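Here is a friendly briefing on the fold you are about to see. Take a look at the model, then read on for its sheets, its helices and a couple of side chains.

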Amino acid sequence: MPVTREAVPWRIYLLIDPTTGPSNHALGTIFYVGLRHELPQPVDLREATEPESLPEGEGAARERLGKLSQAGIRVIVEVVPEQAWPSAESGHLARTVGTLCACLHPAPLNERMKSVRWPGTLVQTVERAQFVPLPEDGAILRTHTGPTPIGQLPVLDEQSLFGESLAVIEGSTAPKTVAKALREGGPLPLLLVAEGRTGRGVIPGGFVFGVWVAEAIEPINEGQTRWRVLLHDDPEMVGALRRRYLHQRVSLDDFNALKLRKA
């Protein structure tokens with residue numbers, strides 16, 4: 001009996017230069033990671049190899065496409081099939097693209113993903129992290145619950161991390177303790193760290209994802225079970241703390257730590 005082939009859902013595609021030989025892909029070099037909704041509609045993958053099909057801001061990828069086209073070289077287009085992706089929201093999709101761009105070496109030419117390109121490999125970055133003691137005056141720790149794959153590290157940007165894990169926290173005893181410490185002693189470093197579940201390719205416990213300085217924590221409901229974190233505006237202080245702690249490790253049992261409930 002004939003086999004019926006169903007279309008595979010996809011929202012991400014790759015542009016591959018076949019002239020380089022195997023590089024970050026078996027067929028050549030992936031030089032651009034694109035999104036289906038940014039292609040001309042209705043989607044025709046043949047048009048994906050036209051420089052004009054890419055967003056205007058992607059100048060480097062457009063230029064490479066143009067040169068390959070002028071040389072009569074056919075660029076390979078490969079779609080990334082979706083396999084039970086957790087969400088169709090644009091934020092998750094952008095994070096997936098960012099992870100792809102960060103993990104590929106050499107990195108694709110995506111202009112909008114330049115900020116997530118890391119020198120060396122992500123694994124080496126995590127393995128080289130050293131334990132750094134917390135300040136004697138104390139620091140606030142909040143653990144990022146659950147295992148975090150190493151490949152997600154470059155796209156855990158400061159603004160998203162704070163909004164998702166720190167801007168509003170829940171709890172009663174711990175927030176009250178931290179709020180009192182801030183009132184009596186002034187601003188304190190605020191670190192978001194990995195919880196530390198084991199697993200292959202998972203970031204180890206105490207690894208610092210983000211660094212801020214908390215100025216106050218105030219309740220936002222009558223029962224004082226939800227709290228808003230207010231940040232201290234001191235770029236020089238925040239910069240110094242980030243240089244010391246960001247992407248290093250701290251001990252979750254450090255006696256100078258004030259712990260908030262897990263994110």
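Two residues are in contact when they have heavy atoms within 4.5 Å of each other. Among contacts in the chain between residues at least 6 apart in sequence, 70% join residues at least 24 apart. This is a predicted model, in which local features need pLDDT of at least 70 and side-chain atom pairs count only at pLDDT 80 or more, while totals for chains, interfaces and linings use all residues. Residues are numbered from 1 along each chain as its sequence is written, and side-chain values use heavy atoms, with hydrogens and water left out.

**Overall make-up**
- The chain has six helices and nine strands; these are DSSP runs numbered from the N terminus, with helices being H or I of at least four residues and strands E of at least two.

**The three-stranded sheet**
- This open sheet has the order β2-β1-β3, with antiparallel pairing; two strands pair if DSSP finds at least two bridges between them.
- β2 (29–35) and β3 (76–81) stand at the edges with a single partner strand each, so one side of each is left without a neighbour in the sheet.
- From one strand to the next, the twist averages 30 degrees (axes are lines fitted to C-alpha atoms, for helices over the stretch in contact, and angles run from 0 to 180 degrees between N-to-C directions).
- Strand β1 (residues 10–17) and β2 run antiparallel and are joined by six bridges.
- Isoleucine 12 has leucine 35 in β2 as its bridge partner, and aspartate 17 has threonine 29 of β2.
- β2 is mostly covered, with seven of its seven residues buried.

**Isoleucine 16**
- Isoleucine 16 is found in strand β1 and counts as buried because its relative accessibility is 0%.
- Leaving aside neighbours within four places in sequence, its contacts include Leu27, Ile30, Phe31, Val75 and Ile76.
- The C-alpha atoms of isoleucine 16 and threonine 49 are separated by 9.7 Å, although the two residues are 33 apart along the chain.

**The six-stranded sheet**
- A second open sheet has the order β5-β8-β7-β6-β4-β9, with mixed pairing.
- β5 (168–170) and β9 (257–259) stand at the edges, each with a single partner strand, so one side of each has no neighbour in the sheet.
- The twist averages 45 degrees from one strand to the next.
- Three bridges pair β5 with strand β8 (residues 226–231) in the antiparallel sense, and isoleucine 169 stands opposite tryptophan 227 in β8.
- Helix α5 (residues 173–185) packs on the sheet, touching β4, β5, β6 (188–194), β7 (208–219), β8 and β9, and its direction makes about 85 degrees with that of β7.
- Helix α6 (residues 235–245) lies across β6 and β7, running at about 135 degrees to β7.

**Arginine 142**
- Which strand holds arginine 142? Arginine 142 is found in β4 (residues 139–144).
- Arginine 142 is buried yet has no salt bridge (a side-chain nitrogen of Lys or Arg within 4 Å of a carboxyl oxygen of Asp or Glu).
- The nearest side chain of opposite charge is glutamate 170, 7.6 Å away; Lys and Arg count as positive and Asp and Glu as negative, while His and the chain ends are not counted.
- A polar atom of the arginine 142 side chain lies 2.5 Å from the backbone oxygen of serine 165.

Terms used:
Buried < 20%, exposed > 50% of the residue type's maximum accessible area, 1.4 Å probe, protein only. Polar contact = N/O pair within 3.5 Å; in protein donor to acceptor, adjacent residues only side chain to side chain.
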